[in-house]
Amino acid sequence: MDGKAAKMAIVDGLMNLDKIDCKIRDAETEISKGPQDIARAEAAVKSAEAKIATFKDKGIGIAKKIHGIEVDVKAVEEDMEKTKGHQRLAKSNKEYQIFKDKIEQDKAKIDKMEDEILVLMDEQEKGAKEAAAAKKELEEAQKISARVKKEWADRTKELEAELATLKTQRKEAAAKVDAEDLVIYERARRQARGTSALAPVRGTICGACNVRMPAQTLNLVFIGKSLVQCTSCSRILYVDEHSDTRENAEKEK
Ligand SMILES: [Zn+2]
């Protein structure tokens with residue numbers, strides 16, 4: 001194996017490791033998202049419950065108001081009956097007229113209060129409809145919450161099994177990489193923040209961060225024996241014509 005082929009073998013080993021690390025990261029990310037999804041679903045349940053509580057309070061408030069007005073209506077009616085009694089016993093036209101005016105005023109008061117009751121009853125009806133909608137919303141939110149929890153629990157089981165396999169594979173893949181190269185890889189991977197630690201060179205730019213590479217760096221990627229990192233994103237650079245180069249390498253063996 002010449003230098004180029006040896007380098008390709010190192011890059012292949014790292015790519016294999018990188019692929020496994022990306023899968024591990026994906027599985028871990030998916031597992032970690034579960035609590036967020038559950039929290040969101042539970043928040044929707046709480047919100048619907050709060051809405052229902054608000055409608056209930058509002059409904060109680062309206063019912064109290066209606067009752068209060070009804071009590072007032074009754075009091076005015078009783079008052080009016082008394083006035084009617086006085087009116088029948090009026091000793092003069094003037095007195096009669098005063099009682100009559102009072103009765104008219106009471107009637108107007110009662111009409112006004114009854115109108116208020118009608119308005120409140122409309123509100124009550126609207127509130128009942130809104131409460132029914134909120135109840136439906138709550139039921140839906142509870143269903144979703146239960147589903148999200150179940151799905152997450154099931155998926156987590158799958159992912160944990162997958163992770164166990166991946167971690168075994170990783171050990172095997174890492175064992176095939178030189179310790180020095182592994183250190184470079186691990187550092188590049190940390191700097192790549194969970195994304196692939198390797199990047200192909202496309203023309204003269206890094207395929208990951210799209211920064212143009214200095215000629216010297218490019219030369220080292222193409223002809224050098226050791227690993228070369230992107231001067232900008234620190235990913236390990238490899239020749240883009242991967243399959244072609246490998247074909248050549250196979251021929252050279
Ligand atoms: Zn880069």
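**Conventions.** I number residues from 1 along each chain as its sequence is written. Because the model is predicted, I take local features at pLDDT of at least 70 and side-chain atom pairs at pLDDT 80 or more, while totals for chains, interfaces and linings use all residues.

**Secondary structure.** I looked up the elements and found 5 helices and 3 strands. Helices here are DSSP runs of H or I of at least four residues, strands are runs of E of at least two, and both are numbered from the N terminus. Along the sequence I read the pattern α-α-α-β-β-α-β-α.

**Overall dimensions.** Along the principal axes, the C-alpha atoms fill a box of roughly 135 × 40 × 25 Å.

**Domains.** I noted a division into domain 1 (27–171) and domain 2 (178–252), with bounds from an automatic or database domain assignment. Their C-alpha centres lie 64 Å apart.

**Strands.** I count two strands as paired if DSSP finds at least two bridges between them. Strand 1 (residues 198–202) runs parallel to strand 3 (residues 236–239), with 4 bridges. In this pair I find Ala199 opposite Leu237. Strand 1 also pairs with strand 2 (residues 205–206), antiparallel, over 2 bridges; here Arg202 stands opposite Ile205. Strands 1 and 2 make a hairpin with 2 residues between them, and Gly203 in the turn has a positive phi of about 65°.

I find 14% of the 253 residues buried, that is, with 20 or more other C-beta atoms within 10 Å of their own, C-beta atoms being placed from the backbone (12 or fewer is exposed, in between partly exposed). A nonpolar core is a set of buried Ala, Val, Leu, Ile, Met, Phe, Trp, Tyr and Cys residues joined through C-beta atoms within 7 Å. The largest has 25 residues, of which Leu14, Cys206, Ile236 and Leu237 touch the most other members. Helix 1 (3–88), helix 3 (179–191), strand 1 and strand 3 each give two or more residues to this core. Helix 1 gives the most, with 7 residues.

**Contacts.** I call two residues in contact if their C-beta atoms, placed from the backbone, lie within 7 Å. Of the contacts with a separation of 6 or more, 72% join residues 24 or more positions apart. Leaving out residues up to four places away in sequence, I list Ala199, Val201, Cys206, Val221, Val228, Gln229 and Cys230 as touched by Leu237.
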